[in-house]
Amino acid sequence: MSVNPMAYEAQFFGFTPQTCMLRVYIAFQDYLFEILPVVETVILKKLDGFPGCKITPFQIHRCTEKFLLLMKEQFDKLFSKMEEVVLQLVLNIPKNVLLPEDKVHEQYPYSKEQFQVLQDEIQQLQQQYKAEVSAGQALRAELEEQKAVQAELEKILQWFDGLENICREHGISNFKESFAFLTQKAKKLQGVLKAVEKKSKKMK
Amino acid sequence: GGGGGVDPANPGRAKMFDTAVSSFLERLDSPGSYQHFVSCLRCFHELQPAVARSIYEQFMSQLQTYLKGKNEIEEVKSEGNLEALFSKLDAIVEEAKDREEPAWRPSGVPEEDARSALVPFLLKHRSYLHRILKEKEEENRKVAEAVLAGREKIAELQQLIRLRREAWQ
């Protein structure tokens with residue numbers, strides 16, 4: 001008898017087919033062995049009704065034992081045939097059949113290498129993502145700095161604009177030119193003052 | 001045994017099981033068995049053939065009735081939920097009927113088999129990562145544009161300030 005472990009069937013049924021059949025066999029056989037002594041008892045009882053007969057209980061016992069052996073032989077043979085049928089046609093999963101729970105294995109028959117490739121891809125994507133996140137943070141940080149700098153620069157511009165507005169309000173149309181003129185004048189005056197001081201020193 | 005829509009040419013596992021068991025029980029009572037009985041109990045049979053016959057018949061009938069009705073078969077069926085499993089398996093086999101190549105079977109090495117089970121999850125994860133990476137890249141592209149624009153703006157402002165300052169010299 002080839003030893004086919006019928007593991008796939010066991011996966012489906014929750015027991016191995018052979019175990020199932022064995023259980024039935026044992027239960028059936030047990031009953032057969034239970035019932036045969038009863039036959040013997042009945043025969044012996046019937047014999048009691050024939051006081052003149054020469055058959056001994058021991059003989060009957062031996063006969064029923066022989067019968068038991070023969071019955072067991074036949075029982076085993078017939079059960080074996082039934083077991084074959086059941087194991088081949090009922091408690092079996094044909095070679096071309098895949099259990100629905102195992103669909104995944106047919107859809108994704110990944111070898112070790114292919115699996116590794118997939119894992120590596122994922123690893124790489126994770127690293128790329130992390131890099132993008134860092135880059136994003138750096139960009140945002142610069143954006144924040146820019147805002148601050150822009151604000152400062154605009155304040156300065158506003159201050160300049162403020163100056164011009166003041167001049168306009170007070171009718172000093174060309175404060176800048178006047179300011180520049182005054183600055184020049186002041187410088188000239190300073191020059192003249194110095195010349196005058198020199199002269200006065202000379203005169204003393 | 002057997003569910004609805006049963007094709008007589010293809011009785012289904014439940015029916016086959018019951019038939020196999022019934023055949024077995026019937027065949028126990030063969031002319032051969034009776035011959036065995038007679039030859040073993042020749043002395044008694046010669047004495048009382050009718051009685052012997054009746055004892056044999058009673059024995060056989062009791063054996064068959066008991067075995068047939070014996071709850072071992074029913075117990076096995078109900079414990080294992082066999083009726084339901086039989087029709088489920090019939091359906092699965094019917095679906096696969098056009099398929100000729102042998103199907104996958106467990107390799108016996110759990111790590112190998114577990115790999116395929118993981119693959120769908122990894123594929124999902126990979127496409128998720130693709131998606132968020134793309135989104136992040138797009139996001140960063142926009143921020144980078146804003147940063148460049150900001151730099152230009154600052155240069156502009158600095159230029160303007162320089163001009164004003166020069167005008168006041």
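## Close-up views of the predicted model

**View 1. The largest pocket.** The largest pocket has a volume of about 620 Å³. Its lining counts 21 residues, and those closest to the pocket centre are Asn4(A), Pro5(A), Met6(A), Gln18(A) and Leu87(A). The model shown here and in every other view is predicted. Two helices of chain A, α1 (7-13) and α3 (57-90), each give at least two residues to the lining of the largest pocket. The largest share, five residues, comes from α3(A). By class, the lining of the largest pocket holds nine nonpolar, seven polar and five charged residues.

**View 2. Ala10(A) and its surroundings.** Ala10(A) sits in helix α1 of chain A. That helix, α1 (7-13), is among the elements that supply at least two residues to the lining of the largest pocket. Which residues does Ala10(A) contact, leaving aside neighbours within four places in sequence? They are Phe15(A) and Thr16(A). Asn92(A) is 82 residues from Ala10(A) in sequence, yet the C-alpha to C-alpha distance between Ala10(A) and Asn92(A) is 9.2 Å.

**View 3. α3(A) against α2(B).** Helix α3(A) packs with helix α2 (residues 31-40) of chain B at an angle of about 160 degrees. The two axes are 9 Å apart. Angles over 145 degrees count as roughly antiparallel, so α3(A) and α2(B) are roughly antiparallel to each other. Their crossing is right-handed. On the α3(A) side, the contact is made by Cys63(A), Lys66(A), Phe67(A), Leu70(A), Met71(A) and Gln74(A). On the α2(B) side, Ser33(B), His36(B), Phe37(B) and Cys40(B) take part. The contact of α3(A) with α2(B) has six nonpolar, three polar and one charged residues.

**View 4. α5(A) alongside α7(B).** Helix α5 (residues 112-169) of chain A packs with helix α7 (residues 110-167) of chain B at an angle of about 20 degrees. Their axes lie 6 Å apart. Angles under 35 degrees count as roughly parallel, so α5(A) is roughly parallel to α7(B). The crossing of α5(A) and α7(B) is left-handed. Which classes of residue make up this contact? The contact of α5(A) with α7(B) divides into 29 nonpolar, eleven polar and 16 charged residues.

**View 5. α1(B) and α4(B), a pair within chain B.** Helix α1 (residues 13-28) and helix α4 (residues 49-69), both of chain B, pack at an angle of about 165 degrees. Their axes are 9 Å apart. The two helices α1(B) and α4(B) are therefore roughly antiparallel to each other. The crossing of α1(B) and α4(B) is right-handed. From α1(B), the contact uses Ser22(B), Leu25(B), Glu26(B) and Leu28(B). From α4(B) come Met60(B), Leu63(B), Gln64(B), Leu67(B) and Lys68(B). The contact of α1(B) with α4(B) has five nonpolar, two polar and two charged residues.

How values were computed. Residues numbered from 1 in each chain as written. Chains lettered and ligands numbered in written order. Predicted model: local features only at pLDDT ≥ 70, side-chain atom pairs only at ≥ 80, totals over all residues. Heavy atoms only, no water. 1 Å grid on protein atoms, 1.4 Å probe; cavity = no way out; pocket = protein on both sides within 12 Å on 5 of 7 lines; lining within 4 Å. Points joined across faces, edges and corners; volume = space filled by probe spheres on them. Helix = DSSP H or I, 4+ residues; strand = E, 2+ residues; numbered from the N terminus. Nonpolar A, V, L, I, M, F, W, Y, C, P; charged D, E, K, R; others polar. Axes fitted to C-alpha atoms, helices over the stretch in contact; angles between N-to-C directions. Parallel < 35°, antiparallel > 145°, perpendicular 65-115°, else oblique. Left-handed = near helix turned anticlockwise from the far one by under 90°. Contact = heavy atoms within 4.5 Å.
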